[in-house]
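The following exercises are to be worked through with the sequence and the model at hand.

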Amino acid sequence: MTAKEVLQIPTAAGSLPGPVSTPPSVSRRSTKVTLALAIVVGLLLNCFRQRYWERYANLHNSIHANNPGTFENVCPQVPELIPKRNFDIWERLSATYQTDSFRSKAVDWLSKAVQIPTESYDYYGPVGMDPRWEKFHAFHAYLEQAFPLMKLNERLSDSVPSFLLVDVVPVEPATIDDWVHPPFSGHFDGSRVWGRGSCDDKSGVIGIMAAIETMLTSGYEPTRTVVLAFGFDEESRGTHGAKTLAVKLEEMFGANGYAMLVDEGSGYNEQYGRVIATPSIAEKGYLDIQIEVTTPGGHSSLPPPHTSIGILAQMLVKLEANPFKAQLVRDSPTYKSAQCLAAHAPDVPEHLRRDILESAHSDVALRAAEDTLFSDLAFKNLVGTTRAIDIVGGGVKVNALPEQAWAVVNHRISTESSISRSKASDIELLKALASEFNLAYTAFGETISYDTHFTTTPAYGNLTLSEAFGKVGLEPAPVTPTEGDDAIPYKILSGSIKAAFNKNRGIEGDSTVIVSPGLMSGNTGT
């Protein structure tokens, strides 16, 4: 997320949007509130309607009529999912969302939400003990006041939880003067709401709450139980929020008691001449590793060849010089995304389209497609495990040798990897340097031997690798099925996305937007 966040309030356009051109201060998810409204309404109004699937079998062939057989089984699409039993409510709400009065209300809901600071930090004490949690009560109270029907219809029992909080990234005080509008102003300039959280992710919460509130206003009663569970520390690993919610939700309905779980995703934009929506079917793993070097202190007028800071610096350079190898793997979420582009986007270069098509059966074609796709660094980073050195510290005085230096390295773990493999890679990379500087090496509670590396005794200092902030990592999330009998939730969401996209623009058709499997870069919210 960029340092400056704004939310673009969408208009009811009569045609497809042009290519996305996002200025630095504008989020890609600029239409999140309206999209969330329409998708939530569509999901709930349809209630898993079985008649929907009568059109599904023949749709894919019609989409590829101009290129028969080439991508017959690649990235199949479903029809737009328009409610039948609740069609009148769907039409009425869709009209409501286009009115100036509702737009004004939506702006007000989000603007006031942004005005309540709910920043989260890398380390919090337990809820109820760390006073920094107290600020979230104000946001909770605001939601109860802003959405009275939600509160009125809440069943105060074990069947409906009441977790209505959300967090945002902290604002660096030194940068406040750089903001076009203050970070917690919620300023509306006529088309955009400005402020921290306007895109990630108060817009998502307000969109969901607004959808439910307006549906209740219209007299809608869901056929199934609808559970809203909002965490409050997604920006700091979700330890107190999502992790606690998971236990509570399982207690309520059991391990397999939920028909589907819908979390925030990646939105939609134009790619290679086609509008692509990318609901995430998986999330990468997450791990913060602290690297700490300790050496003897002393006066800076009598320095050793390398201080603890100098040693740490060389280790960090070693990590950055040896990134994890990214590799496109068949049937992975990112591979499926590439297949969808090749199957449906008209402006994909023909050589890339051919390589992606043939990659299903040819390793040579797979590597060729990988080479082309990895020219986009963002895509390459999404595919593989990544490291980012984000925090460093060490030293207390200019004339005192630092006895300690440390850094925190953030890892986003590929869906094809694991926490253990990420740890093992870091341990091995630093082994030679630990031996060279004669450091006793401990990683995650285990003593690391140097194998053939010679180390004198006693050790000059210590190298310690540990899980930063005392927090365990998160393994990559399981991948949601997109095809077959287990893919009904994905198909219902896909059809709802298409219907919401079309309705907001006054257009029709099953191929106006292509729904493609996507991937979230950090498993911290679900």
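**Exercise 1. A helix and what follows it**

Which residue with a positive phi follows H7? Determine also how the length of helix H7 agrees with its number of residues.

Solution. The structure is a predicted model.

Step 1. The residue is Gly219, and its phi is near 85°.

Step 2. Helix H7 covers residues 202–217, which makes 16 residues. The expected span is 1.5 Å times one less than the number of residues.

**Exercise 2. A sheet of three strands**

State the order of the strands in the open sheet that contains E5, E6 and E14, and describe how they pair.

Solution. Strands of a sheet pair through backbone hydrogen bonds, and the pairing may be parallel or antiparallel.

Step 1. The order is E5-E6-E14, and the pairing is mixed. Strand E5 (268–271) and strand E14 (514–515) are the edge strands, each pairing on one side only.

Step 2. Four bridges hold E5 and E6 in an antiparallel pair. One example is Glu270, whose bridge partner in E6 is Val275.

Step 3. The hairpin of E5 and E6 has two residues between the strands, and Tyr272 takes a positive phi there, near 50°.

Step 4. Strand E6 (residues 274–277) runs parallel to E14, and two bridges join them. Ile276 has Ile514 as its bridge partner in E14.

**Exercise 3. Salt bridges**

How many salt bridges does the structure hold? Examine three of them, those of Asp363, Arg353 and Arg387.

Solution. Side chains of opposite charge can pair when their charged atoms come close.

Step 1. There are eight salt bridges in the structure.

Step 2. Asp363 pairs with Arg330, and their closest N and O atoms are 2.7 Å apart. The two residues are 33 residues apart: Asp363 belongs to helix H12 (residues 363–373), whereas Arg330 is in the loop between helix H9 (308–321) and helix H10 (333–344). Arg330 has a relative accessible area of 29% and is therefore partly exposed.

Step 3. Arg353 and Glu350 form a salt bridge with an N to O distance of 3.3 Å. Both lie in helix H11 (residues 350–359), and because they are three residues apart, about one helical turn separates them. Buried means under 20% relative accessible area and exposed means over 50%. Arg353, at 11%, therefore counts as buried, whereas Glu350, at 52%, is exposed.

Step 4. Arg387 and Asp426 meet in a salt bridge of 2.7 Å, N to O. Arg387 is in strand E9 (residues 386–394) and Asp426 in helix H14 (residues 419–436), so this pair ties together parts that are 39 residues apart in sequence. Arg387 is buried at 17%, and Asp426 is buried at 1%.

**Exercise 4. The disulfide**

Which cysteines does the disulfide join, and are they buried or exposed?

Solution. A disulfide is a covalent bond between the sulfur atoms of two cysteines.

Step 1. A search of the whole structure gives one disulfide. Cys75 is joined to Cys340, with an S to S distance of 1.9 Å.

Step 2. The link of Cys75 and Cys340 is right-handed, with 90° about the S-S bond.

Step 3. Cys75 is in the loop between helix H2 (56–63) and helix H3 (87–97), while Cys340 is in helix H10, so the pair ties together parts 265 residues apart in sequence.

Step 4. Both Cys75 and Cys340 are buried.

Note on methods
Residues are numbered from 1 along each chain as its sequence is written. This is a predicted model: local features need pLDDT of at least 70, side-chain atom pairs count only at pLDDT 80 or more; totals for chains, interfaces and linings use all residues. Side-chain values use heavy atoms; hydrogens and water are left out. Two strands pair if DSSP finds at least two bridges between them. A salt bridge is a side-chain nitrogen of Lys or Arg within 4 Å of a carboxyl oxygen of Asp or Glu. Buried means under 20% relative accessible area, exposed over 50%, partly exposed in between (1.4 Å probe, protein chains only). A disulfide is a pair of cysteine sulfur atoms within 2.5 Å.
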